[in-house]
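Here's a quick tour of a single chain, going from the whole fold down to a few local spots. Have the viewer open as you read.

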Amino acid sequence: MEYSAKTYSFFDDVFAVVRLIPKGRVTSYGAIARYLGTSGSARMVGWAMNASHTPKPKVPAHRVVNSQGLLTGKHHFETPTWMQELLEKEKVKVKNNQVVDFEKLFWDPSVEL
DNA sequence: GCATTGACGAAGG
DNA sequence: CCCTTCGCCAATG
């Protein structure tokens, strides 16, 4: 990844936002996309997360779920259950692949930030 | 350079 | 209420 002017992509932006997610809170790909102005292209956010393990301070991607609060990206972690375990470590309850009280734990960057 | 894919989301049937 | 389709944009084959 070159740092040449325009290559600084939204990757860094996405990472920055995700890292700002308070512990014990979660957000959605769409919310992040909206905050970055790339609303509508939530896929890019999700796609960016594909490299969430690239930078040194790895991004807490486990705090990012889809709009339904589902742990859709769990398969991209070291183990299929790792994401849930990480969340539970932060007192976030996960039931049947879904964040419990998702609406209450939801953290919207365009609102909170 | 075209076709396919993707950790999404909203809308339509 | 469940399933399908479409849009979005970038990367990869």
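## Surface and charge

Chain A exposes about 7,100 Å² of accessible surface, with 53% of that belonging to carbon and sulfur atoms. Keep in mind that this is a predicted model.

## Overall build

You'll find six helices and four strands in chain A. Reading from the N terminus, the order is α-β-α-α-β-α-β-β-α-α.

How does the radius of gyration of chain A fit with a compact globule? A compact globule of 113 residues would come out near 13 Å, and chain A has 13 Å, so the two agree. Along the principal axes, the C-alpha atoms fill a box of roughly 45 × 30 × 20 Å.

Of the 113 residues in chain A, 40% are buried. If you take the contacts between residues at least 6 apart in sequence, 65% of them join residues at least 24 apart.

## Helix H3

Helix H3 covers residues 42-49, and its buried residues are Val 45, Ala 48 and Met 49. Looking down the axis of H3, these buried residues fall within an arc of 105°, so they line one face of the helix. Arg 43 and Trp 47 sit on the other side of H3, where they are exposed.

The spacing makes sense: an α-helix has 3.6 residues a turn, so residues three or four places apart point the same way.

Which residues are buried in helix H4 (residues 82-89)? They are Met 83, Leu 86 and Leu 87. Seen down the axis of H4, the buried residues fall within an arc of 100°, so here too they line one face of the helix.

Just after H4, have a look at Lys 91, which takes a positive phi of about 70°.

## Lys 95 on strand E3

Strand E3 spans residues 94-95, and Lys 95 is found in it. Is Lys 95 buried or exposed? Lys 95 has a relative accessible area of 62%, and the cut-off for exposed is over 50%, so Lys 95 counts as exposed.

To place Lys 95 relative to Gln 84, go by the C-alpha atoms: they are separated by 9.1 Å, and the two residues are 11 residues apart along the chain.

Terms used
Residues are numbered from 1 along each chain as its sequence is written. Chains are lettered from A and ligands numbered from 1 in the order in which they are written. This is a predicted model: local features need pLDDT of at least 70, side-chain atom pairs count only at pLDDT 80 or more; totals for chains, interfaces and linings use all residues. Side-chain values use heavy atoms; hydrogens and water are left out. Helices (H or I, at least four residues) and strands (E, at least two) are DSSP runs, numbered from the N terminus. The radius of gyration is taken over C-alpha atoms; the globule rule is 2.2 Å times the number of residues to the power 0.38. Buried means under 20% relative accessible area, exposed over 50%, partly exposed in between (1.4 Å probe, protein chains only). Contact means heavy atoms within 4.5 Å. Accessible areas come from the Shrake-Rupley method with a 1.4 Å probe; for residues, only the protein chains shown count as cover. The arc is that of the directions from the helix axis to the C-beta atoms.
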